[in-house]
Structure formats: structure tokens, C-alpha cells
Amino acid sequence: MRKGISSLILAGALACGSAMAAPQTAGHEAKEAGQDIKKAAKATGKAAQHTGKATAKVTKKAVNKSAEKVEEGAGKVKEKVK
């Protein structure tokens with residue numbers, strides 16, 4: 001009988017403890033939301049940085065290819081003029 005009562009009291013204490021820990025304050029939730037926004041902003045910034053680097057690389061390649069083609073075209077014009 002004592003064991004049953006002790007178990008009941010222990011279960012009640014555990015239930016009350018978890019119920020007391022469950023509700024969060026509005027301030028705590030706002031802080032968590034702010035941290036989530038900060039993480040998302042950092043991820044967005046990193047993605048934009050990688051996109052910028054990739055765009056610069058592609059642009060550089062395109063400019064170099066265009067310059068090569070212009071030189072080839074100029075060489076063909078010189079040959080025809082001769």
C-alpha cells in the first residue's frame with residue numbers, strides 16, 4: 001500500500017514539474033524567434049555571397065570568350081583585306 005501511494009505521489013510530482021516547465025513566456029518565445037531570424041539571415045547572406053561569386057566567375061568566362069571571338073573576327077577581317 002505504501003509503495004502504491006509513494007508511486008502515486010511521485011507520478012503527481014513529475015506531472016506537476018513537467019507542466020510547470022512547459023509554458024514559456026512571451027519574452028522567451030520572442031528571443032527564440034529572433035535567434036531563428038538571425039540564423040536565417042546569416043544563411044541568406046552566405047547564399048547571396050556564393051551566388052555573387054558564381055556570377056562573377058561566369059561573367060569573367062563570358063567576357064574572355066567574347067574577347068577571343070572578337071580577336072578571331074578581327075584576324076579574319078585583316079586576312080580578307082589583304
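Predicted model: local features only at pLDDT ≥ 70, side-chain atom pairs only at ≥ 80, totals over all residues.
Here is a short walk through this structure, from its overall make-up to a single pair of side chains.

Let us start with the whole chain. The protein contains two helices and zero strands. Of its 82 residues, 0% count as buried.

Now for the charged side chains. Side chains of opposite charge can pair when their charged atoms come close. In this model the count comes to one salt bridge, and it joins Lys 69 to Glu 72, with 3.9 Å from N to O. That falls within the 4 Å cut-off used for a salt bridge. Both partners belong to helix α2, which covers residues 26-81. Lys 69 and Glu 72 are three residues apart there, or about one turn of the helix.

How exposed are the two partners? Lys 69 counts as exposed because its relative accessibility is 55%, and the cut-off for exposed is over 50%. Glu 72, with a relative accessible area of 44%, is partly exposed.

Technical notes:
Residues numbered from 1 in each chain as written. Heavy atoms only, no water. Helix = DSSP H or I, 4+ residues; strand = E, 2+ residues; numbered from the N terminus. Buried < 20%, exposed > 50% of the residue type's maximum accessible area, 1.4 Å probe, protein only. Salt bridge = Lys/Arg side-chain N within 4 Å of Asp/Glu carboxyl O.
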